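Reader: Walk me through how to read a few features of this structure. Keep it quick.

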Amino acid sequence: MTVPSTRMIRKLLYLSVLASTIALTVYLAHQDAVIREKFEGRRWALPARVYAMPVELYAEAPIAADQLVWMLDQLKYRNDPGLTSQGSYTRKGNEIRLRTREFLFPDKSEPSSEVRVEFSGGSVRALESLDSDDHPSLVRLDPVQIGSFYPALKEDRILVKLDDVPRPLIDALLAVEDRDFYEHFGLSAKGILRAAWQNIKAGGFVQGGSTLTQQLVKNFFLSAERTLGRKISEAFMALILEARYSKAAILEAYLNEIYLGQDGTRAIHGFGLASQYYFSRALNELELHHVALLVALVRGPTYYDPHKHPERSRERRDRVLDAMAEQGFITSAEADAAKRRPLDVVKNPHQAISRYPAFLDLIRRQLQEQYRPEDLTSEGLRIFTTLDVFAQEHLDSAIAKTLARLDHSTRPEERLEAAAIFTRRSNGEIAAFAGSRDVESSGFNRALDSARQIGSLYKPVVYLTALEQPSGYTVATPLLDETIKIDGGGKPWTPRNYDGREHGQVPLHTALAQSYNLATVRLGLAVGVERTAETLRKLGVNREVETYPSLLLGAANLSPIEVATLYQTLASDGFVTPLRGIQAVLSHDGETLQRFGLELRQAVEPGAIYLLNTILQEVMSEGTGRSVYTYLPENFHVAGKTGTTNDMRDSWFAGFSGDYTGVVWVGRDDNRPAGLTGARGALQIWGATMQKLAKEPLDLIPPENIVMLRVDRQTGLRADDGCPDAHELPFIKGSEPAAWAPCAEGGETGGDSWFRRLF
């Protein structure tokens, strides 16, 4: 066996050292590239935050004291008689004092203010500033965050700048986590030895030896596995980080990255969000005992969770205070005073990732028309929506209570389902939205995706088509409500009225108010089925429909949001108004990226729409929707239409008050009969919601080409005081009847009635 020479050994050692050096250099270069790419680029994927509309307080605002307290609880305001920080309030009888939060709205930034709100009955009586002698005309609260759009990892954080972090928090962090932070270069032998000695004295693990830089590397760049290789990578990366970046940059990154708790599936990262989550305070409003508790959580947010383990977290908080005192950051007296303070965490910090999943689904779809999916989940967009949280709660309550009652009266073993959309009549903004009876359901969104036959909700389209031809049709035109048989190449179609009866000659307005099928089919065939489909498109519904005669009775499959578009156009006096769920989108730093303004397009002649809407008011006062006035005052004069499909599979109602338009569907997902008419099902949810929501009666304003005329109910001819059974009807100028009814003075010379002349 040949023994290697000394020269050979030296050569092998040299090559080994060279190879190791090259490998180490390549490794360090790779790690350096990884650090630079992430640390100098966009460090965190920030979820989009989605907000409801803010509550506005002003004299006579329709909000009661109890409602405001409920809203303040949703906003996580603290009941604090001293109003010691933003987001606090106190109540005494009909008076509420509050300190609002500073908030950046799409139009301007609202500073924090202290105000006194006095209530009388169900509204605001007076507003008074506690900051000055002013009497503000309006106070706007920060809006409720109703959800977020997250990437795959549901990490959440509020980014903070180092200059905005209170000094006591940094002192506490350094005192217990890395007292040599400003002296070491990423690794600290002194820290390791000190931690070991403290753990020996305590008889357990009370202090770690990792520096803040190492902790940042572990959380920011590496996985959580505990291996020797990971520890070596952690050490090298800590050295590289310290060599490349300032202590201030490293500390700021740590303050924003550190994991501090779990809210359901949402991970709480960084002290900015943790301050809001645990205390409902801005970071710069924290007191010493708050700061110490947050730093206590660094060691183990689950183990020291103040909600689940209050004694354990208090003990750890007090250790932090002792460490601060020992190192001279605070005095012993200050530490003792802070120890006497309660944990002071909010009782219910939970914030749903998706509080109203169906509405957030709508918002996501509307945004995806202009934003990439990755922008919605990583750029920290601030999305301001049109949702009214009060309106949403009223709708959810109406659905839950009504369906619970209807389940019991129909088929208890099979649950009914529902979908609903309520918009502001003036602008088409969506105030409340339900895609299911289950508020928290994130599954099938019936309001957007369930296309069901709409039944009699289509009839107004038929009658509008006729009323757009004033030379041929008016509200008083007689229609024949008698059996009709239609041949279509197969089995003849013979529609029937819901009550199974024929009603003979009836005025046009009565035929619609009473939802007579036979009269509607005859009218639709006269004006043309294709022409009614054109009217549907003019009213804003783009879905293609089959133009068979059965379309006239609603054999068209539309989704609730399409029906809402149709009835919003009717409610908007013939102006097509796209339904909007978004008001504005802001970037993470507050720059306005987009505003969603009001869009209007006149689609139908105003006179014809006015005539139709007066008949839809008659539907509610004398026709199929009259039960609505068990919910609303009769002077609200609401307009609407019930809808029931074959075998009562679908129950619909669509209508509007002076301030809101609403569409409700009730049925079963398997399309089996629900056993409900539109009045017995959907109308009850609509009425219960409008009872809480609507504040304005529907006062239709006639266009200039409308004239009002007294008409005899029996003949449809002009009437005067001599006609006991007369009422006033609207007509487009030039279409009003010229002949007088026999009951009118001189009626015997007024000519034959319309009925005798036409039939």
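Reader: How many bridges pair E16 with strand E17, and in which sense?

Author: Two strands pair if DSSP finds at least two bridges between them. Here E16 and E17 (residues 430-434) pair over four bridges, in the antiparallel sense. Ile 421 has Phe 433 of E17 as its bridge partner. The hairpin of E16 and E17 has five residues between the strands, and Gly 428 takes a positive phi near 75° there. Strands (E, at least two residues) and helices (H or I, at least four) are DSSP runs, numbered from the N terminus. This is a predicted model: local features need pLDDT of at least 70, side-chain atom pairs count only at pLDDT 80 or more, and totals for chains, interfaces and linings use all residues. Residues are numbered from 1 along each chain as its sequence is written, and side-chain values use heavy atoms, with hydrogens and water left out.

Reader: Which other strand joins E16?

Author: E28 (residues 660-667) does, running antiparallel to E16 over eight bridges. Ala 420 stands opposite Val 664 in E28.

Reader: Are the faces of E16 covered or open?

Author: Buried means under 20% relative accessible area, exposed over 50%, partly exposed in between (1.4 Å probe, protein chains only). In E16 (residues 417-424), eight of eight residues are buried. Both faces are covered. One side holds Glu 417, Ala 419, Ile 421 and Thr 423; the other holds Ala 418, Ala 420, Phe 422 and Arg 424.

Reader: Why do the buried residues of H19 line one face of the helix?

Author: An α-helix has 3.6 residues a turn, so residues three or four places apart point the same way. In H19 (residues 529-538), Val 529, Thr 532, Ala 533, Thr 535 and Leu 536 are buried. Seen down the axis, they fall within an arc of 155° (taken from the directions from the helix axis to the C-beta atoms), so they line one face. They pack against H16 (459-467), H18 (517-527) and H20 (560-571), where contact means heavy atoms within 4.5 Å.

Reader: What is the volume of the second largest pocket?

Author: Rolling a probe the size of a water molecule over the atoms shows where empty space is left. A pocket is an open set of points on a 1 Å grid over the protein atoms alone, where a 1.4 Å probe fits, with protein on both sides within 12 Å along at least five of seven lines; lining residues have an atom within 4 Å of a point. The second largest pocket has a volume of about 1100 Å³, the space filled by probe spheres set on the points. Of its 41 lining residues, the closest to its centre are Met 53, Tyr 58, Asp 388, Arg 424 and Tyr 660. H14 supplies the largest share of the lining, four residues.
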